[in-house]
Amino acid sequence: FMLNSLSTLVNAIQGPRIVYRSSTCADSIIVDIVNKTARVMYKNGSTYEYTNVSRRAIFSLLNDQTVSLGFWIYNVLHDNYQQGRLCYTIN
């Protein structure tokens, strides 16, 4: 576990990472642990960027392959932010 966590941390600080997992609400999340951002591509075609996201929460998403995107979005982003900044929408 320790080696896996260290490896995840080293990879995370090298730049933004795209997280893909099956989800009914989101296609993917691009997280940047250094800049503390998360950009969520929702299934409806909208993309929102969240800033000042907890580095611990980002690391947890990267390190725990069992957490779903929807669970993480709801418990981390929606609980801590009123609304992310809309980046674009695909209709």
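In this predicted model, a search of the whole structure identifies two salt bridges. One of them joins Lys43 to Asp27, with the closest N and O atoms 3.1 Å apart; this pair links distant parts of the chain, since Lys43 belongs to the loop between S3 and S4 whereas Asp27 lies in strand S2 (residues 26–32), 16 residues apart. Lys43 counts as partly exposed because its relative accessibility is 46%, and Asp27, at 38%, likewise counts as partly exposed.

The other salt bridge is formed by the side chains of Glu49 and Arg39, at an N to O distance of 3.3 Å. Glu49 is a residue of strand S4 and Arg39 a residue of strand S3, so that the contact ties together parts separated by 10 residues in sequence. With a relative accessibility of 17%, Glu49 falls under the 20% cut-off and therefore counts as buried, while Arg39, at 26%, counts as partly exposed.

The two strands that carry this second pair are themselves joined: S3 (residues 37–42) runs antiparallel to S4, and four bridges connect them. Within this pairing, Met41 stands opposite Thr47 of S4. Three residues lie between the strands of the hairpin, in which Gly45 adopts a positive phi near 95 degrees.

Strand S4 (residues 46–50) is mostly covered, five of its five residues being buried. In a regular strand, side chains alternate between the two faces of the sheet. Both faces of S4 are covered, with Ser46, Tyr48 and Tyr50 buried on one side and Thr47 and Glu49 buried on the other.

How values were computed: Residues are numbered from 1 along each chain as its sequence is written. This is a predicted model: local features need pLDDT of at least 70, side-chain atom pairs count only at pLDDT 80 or more; totals for chains, interfaces and linings use all residues. Side-chain values use heavy atoms; hydrogens and water are left out. Buried means under 20% relative accessible area, exposed over 50%, partly exposed in between (1.4 Å probe, protein chains only). Two strands pair if DSSP finds at least two bridges between them. A salt bridge is a side-chain nitrogen of Lys or Arg within 4 Å of a carboxyl oxygen of Asp or Glu.
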